[in-house]
Amino acid sequence: MKRLTVKTIREAAPYQQLVAEHGSPLLVLDCDLLTQQYKKLSSALPGVELFYAIKSLPHPAAIDTLHQLGASFDIATSGEIELLREQRAEPRHTIHTHPIKRDRDIRDALRFGCTTFVIDNIYELEKFVDYRHRVGLLVRVSFPNPDSPVDLSRKFGCRPDEVEMLLQKANALGIHVKGLSFHAGSQCPDASNHVRAIEACGEIIHRYNEQSSRSMAILDIGGGFPVEYVGDTAEVDIDRFCAPIRAALATLPEHLHIIAEPGRYLSAPSMEAVSRVMGKARRGEQVWYYLDDGLYGSYSGQLFDHALYPLTVFSDHDEREAAVIAGPTCDSIDVIAEDVELPSLNIGDLVIGHQMGAYTSASATDFNLFERATIVAINRDTESDSATNLLHLAYR
Ligand SMILES: Cc1ncc(COP(=O)(O)O)c(C=O)c1O
């Protein structure tokens, strides 16, 4: 597995310029890359309405960029609603996807103007009795995916054979269920779980629509679209990944509105971490480099999201020696990479982490009260400065 790239000192210049301007640690959010990801996924899933899963990267510049592209939004908390409100996103293009909500969560979302909610059990369904004239629900169905690094059907979703009971109960309570949803697991290795879930949900919807006076009109195929964390330039061919999904969707009735909730695929490639070596030490056979960002900060996804981010350092020397790259906190778990062969680095040198937009800053902590990385958004509109454009030319 290729995790580390060494580039020449000359290639560090655009990053050094950013650090000179903003300090470090930084997370550089490239809105052009976010735009490209959105366009690629939209063309790989024609006719599917994309609701960006805000949780993966809840940053105003990301919301603004996607809003301008016409994206819809998947919200799960009142905090995420506030972010959308600030960015003037349209409530009718939102869905509330958290299967477990407090009454005040429901009221906050309704006050905002979101009227589509997800439930996966009877207690959650009953919470909507008082709001039944204002909402339409999606029932989340569980399709376990132990092959994906993050199996999102363990904690949420009813079994396929429980859906009918929930639909009957909803009918009895006068609550409108307008469709089904699932999450195939995050960072899916292939589309087989999506396909299995689409086929199973298609059958449930078909059976229900034949028997009932009401009909389900929405299928939400969730997230799970993967990115490449191995190597420094490889990219997932999203068109090829989605081909079996397109084929499965083509078998569904035409009237069905298909939506998706992508997070990682849109946000991950859009952000790079820029950290500086703040100290070094020789311990046994290895050199330890201590960065000003680590597992309690932007690299938190190594713990919570099981991701290992590709790294770049800069050097003009050929010699390499065994090294450890660690974060700044006092905890010994705070190690980004071990047993890597590195050229000799100096205090102040830069280390770049790639594919760091999804589930990184979102789960960073304040442990030790080390300051979190500053997020710098570049290429926000057409007048982007040349240094920031160079940044991605240097990496790609
Ligand atoms: C309900 C829901 N929708 C969408 C997503 C986004 O998934 P992904 O980042 O795999 O696209 C998640 C991730 O946790 C989720 O829980």
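A polar side-chain atom of H183 sits 2.9 Å from one of the ligand's oxygen atoms. Keep in mind as we go that this is a predicted model.

Two other side chains belong in this part of the story. For S186, an N or O atom of the side chain is 2.4 Å from a ligand oxygen. And Y359 places a polar side-chain atom 2.6 Å from an oxygen atom of the ligand. So how much of the ligand does the protein cover? On its own, the ligand has 400 Å² of accessible area, and the protein covers 91% of that.

Now the wider shell. There are 15 residues surrounding the ligand. If you sort the shell by class, you get six polar residues, five charged and four nonpolar. And which pocket is this? The ligand takes up the space of the largest pocket.

Okay, zooming out to the whole chain. We have two pieces here: domain 1 is 4-28 + 270-395, and domain 2 is 31-268. Their C-alpha centres are 33 Å apart. As for how they meet, 23 residues of domain 1 are in contact with 25 residues of domain 2.

Note on methods
Residues numbered from 1 in each chain as written. Predicted model: local features only at pLDDT ≥ 70, side-chain atom pairs only at ≥ 80, totals over all residues. Heavy atoms only, no water. Near = heavy atom within 4 Å. Polar contact = N/O pair within 3.5 Å; in protein donor to acceptor, adjacent residues only side chain to side chain. Areas by Shrake-Rupley, 256 points an atom, 1.4 Å probe, with all protein chains shown as cover. 1 Å grid on protein atoms, 1.4 Å probe; cavity = no way out; pocket = protein on both sides within 12 Å on 5 of 7 lines; lining within 4 Å. Sits in = over half its atoms within 2 Å of the grid points. Nonpolar A, V, L, I, M, F, W, Y, C, P; charged D, E, K, R; others polar. Domains from an automatic or database assignment. Contact = heavy atoms within 4.5 Å.
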